[in-house]
Amino acid sequence: MTIRMANTSLSEASMYSCGPPGICQPGSAITPPDRRHGSPTGWSIPAGVYTARELVRRFAPLLDTVVHHLGPDPPNAKPARIVLLDNVAANLSTDMRESSLPLYDLSDISRREIRDQARRIGQVLVQWAREYGDEPYDPDLYLRGPGDGHLLLPSSLTLMYARCTRPHHMQLLNEYMRQMVVLRDALLPFQNFYAVPIPVDGRARGIRHLEAPRERFLTTVFAGHITQASVVSLARAVLAPDLPVTMTGGYGFQYTHGLILPAILAGGVVPYHLLRYVPSKMDSAAMEVLFDYHFPDYHEAPRGDIPAGPPTILTRYPIDLPNQKEELQTAGIGLQAGSSTSAVRGLELRLEFKNGDTARVDVGQIARGLRHSYEALEETRDSTTNHTVFLHSASEILIQPGWGLSTSDTAGFHVIPVDDPTIALALLGKLYPRNVILLPNDEQLGQTDDVGEDSEAKFVIWGGFKRGGLKGVF
């Protein structure tokens, strides 16, 4: 699935997909000065814009100063730097005694997503850190800082107390651990975290200016109340803290260095809450723009009734219907009509079919519709039984004028056969998100019997979707 936007494909962010993590390094790196023979000094990161990999490189002098003072490694012993980085890996894990973000509960989809994201980011950060073993450092580096409570592995504890000569070396190690932990947590909202340009103003030590928003977000994680607003709020704090504040918090934004959009728009394996960095702009004349929902509360959105038509008997995917010939000519993302100077805007998915029909769907509502949708159950014994349904074409729903949401007053199965994943996504943004079910086209309608609420109209988007990930593959 490819959706184009402002001369940039939403899948174009794959230009930053590093394959093996760390091959790409967008942005311009700044080489640290060589302070091997400098006078006692503090440590900081100069103001600038950095990728996560560049920040890990900037943290390296903290660790290497400690390793320097630990002295030569004894014969046949694991190198001190590897021992300490093993400890950082444990701090960045989610299932060890030393974990800074212990997540064991698998029952909640939001917590599973954050747990998996934390593991993925942590592994990549440590991999990068292992590569930066020969960076310039200052053997006289000295700093004092708060004790952040990061636990040591027994091997690290033995190493630090047996070979470390000065108490402040433990504080250097603690600072390194803290910077890595804060970076991991600051990157949690971003699916392609390795590509995101991160502004650093240089006023705090390293990236400690992100401590407060990190703590606020982790409160939602540990409480089990992760919301889209909380994920966007952390992303804003990391990249664009001066964006305007709205009732919903928005679903994405444009900042100086690109776009942050719901990752669902990139297609493929769909995340639940995560966002994606795209190296493009929606409004080249504006520095920062918040993208907010057309309807802050979808319950209050106007609803249009879809005529039911005569019922039809179905067993398998209806491959011979005229609506199966609906083909997209183009699909793209653009700004909704409104004041060009407004700092709060809306985005729309624009579809043009080959028959000339056009449709526009609120991007925020697409992401919201996916979160509220159901996935059909795995195949059941009676899944091949006949069903009486009301058939609808995707276009009759999507081309309805206005921004209202579509529903039906007629209870029962309302089936919308779909081939194209972009059309399936558009339907998620147009249907009232209360009783919408996703069903792959190679599976059976009976798998939706026990999903959703039987007393209301049940909309089944049949096709354009495959199983996989947290919320499917589009």
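Where is the place of Ser-99? I looked there to begin. Ser-99 sits in the loop between helix H2 (80–91) and H3. I kept in mind that this is a predicted model.

**Entry: Ser-99**

Is Ser-99 buried or exposed? I found a relative accessible area of 12% for Ser-99. Buried means under 20%, so Ser-99 counts as buried. Next I listed the neighbours, leaving out residues up to four places away in sequence. Ser-99 touches Ala-90, Asn-91, Ser-93 and Thr-94. I also noted a polar contact of the Ser-99 side chain. A polar atom of that side chain lies 3.3 Å from the backbone nitrogen of Asp-95.

**Entry: the whole chain**

I stepped back for an overview. The protein chain has 10 helices and 20 strands. It has 474 residues, and 57% of them count as buried.

**Entry: helix H3**

I moved on to H3, which covers residues 109–131. H3 has 23 residues. From first C-alpha to last, H3 reaches 34 Å, close to the 33 Å expected at 1.5 Å a residue. Which residue caps the N-terminal end of H3? I found Asp-108 there. A side-chain oxygen of Asp-108 lies 3.1 Å from the backbone nitrogen of Ser-110.

**Entry: His-150**

I went to the loop between H3 and helix H4 (154–163), where His-150 has its place. The relative accessible area of His-150 is 13%. That is under the 20% cut-off, so His-150 is buried. What does His-150 touch, not counting residues up to four places away in sequence? My list reads Asn-91, Ser-100, Asn-174, Met-177, Arg-178 and Val-181. Asn-91 was already in my notes as a residue that Ser-99 touches. With Arg-178 there is also a polar contact of 3.3 Å, side chain to side chain. His-150 and Leu-173 are 23 residues apart in sequence, and their C-alpha atoms are 9.9 Å apart in space.

**Entry: aromatic pairs**

How many aromatic pairs does the count come to? I noted 6. Phe-193 and Tyr-194 form an aromatic pair. Their rings are 5.4 Å apart, centre to centre, with 70° between the planes. Planes over 60 degrees apart count as edge-to-face, so this pair is edge-to-face. Phe-193 and Tyr-194 are both buried.

I turned to the sheets. In what order do the 5 strands of this open sheet stand? I read E7-E6-E5-E8-E12, with mixed pairing. Strand E7 (275–278) and strand E12 (344–345) stand at the edges. Each has a single partner strand, so one side of each has no neighbour in the sheet.

I followed one pairing in detail. Strand E5 (residues 252–255) and strand E8 (residues 289–291) pair in the antiparallel sense over 3 bridges. Leu-290 in E8 is the bridge partner of Phe-253.

Which helix lies across E5, strand E6 (258–262), E7 and E8? I found H7, running at about 10° to E5. H7 spans residues 228–239 and has 12 residues. H7 reaches 17 Å from its first C-alpha to its last, close to the 16 Å expected at 1.5 Å a residue. H7 is mostly covered, with 9 of its 12 residues buried. Among the buried ones are Val-231, Val-232, Leu-234, Val-238 and Leu-239. Gln-228, Ser-230 and Arg-236 are also buried in H7.

Strand E10 (residues 312–314) and strand E16 (residues 387–391) pair in the antiparallel sense over 3 bridges. Leu-314 stands opposite His-387 in E16. E16 pairs with strand E18 (residues 412–417) in the parallel sense, over 3 bridges. Val-415 in E18 is the bridge partner of Leu-391.

Methods. Residues numbered from 1 in each chain as written. Predicted model: local features only at pLDDT ≥ 70, side-chain atom pairs only at ≥ 80, totals over all residues. Heavy atoms only, no water. Helix = DSSP H or I, 4+ residues; strand = E, 2+ residues; numbered from the N terminus. Expected span 1.5 Å × (residues − 1). Buried < 20%, exposed > 50% of the residue type's maximum accessible area, 1.4 Å probe, protein only. Pairing = 2+ DSSP bridges. Contact = heavy atoms within 4.5 Å. Axes fitted to C-alpha atoms, helices over the stretch in contact; angles between N-to-C directions. Polar contact = N/O pair within 3.5 Å; in protein donor to acceptor, adjacent residues only side chain to side chain. Phe/Tyr/Trp six-rings, centres within 6.5 Å; stacked < 30°, edge-to-face > 60°.
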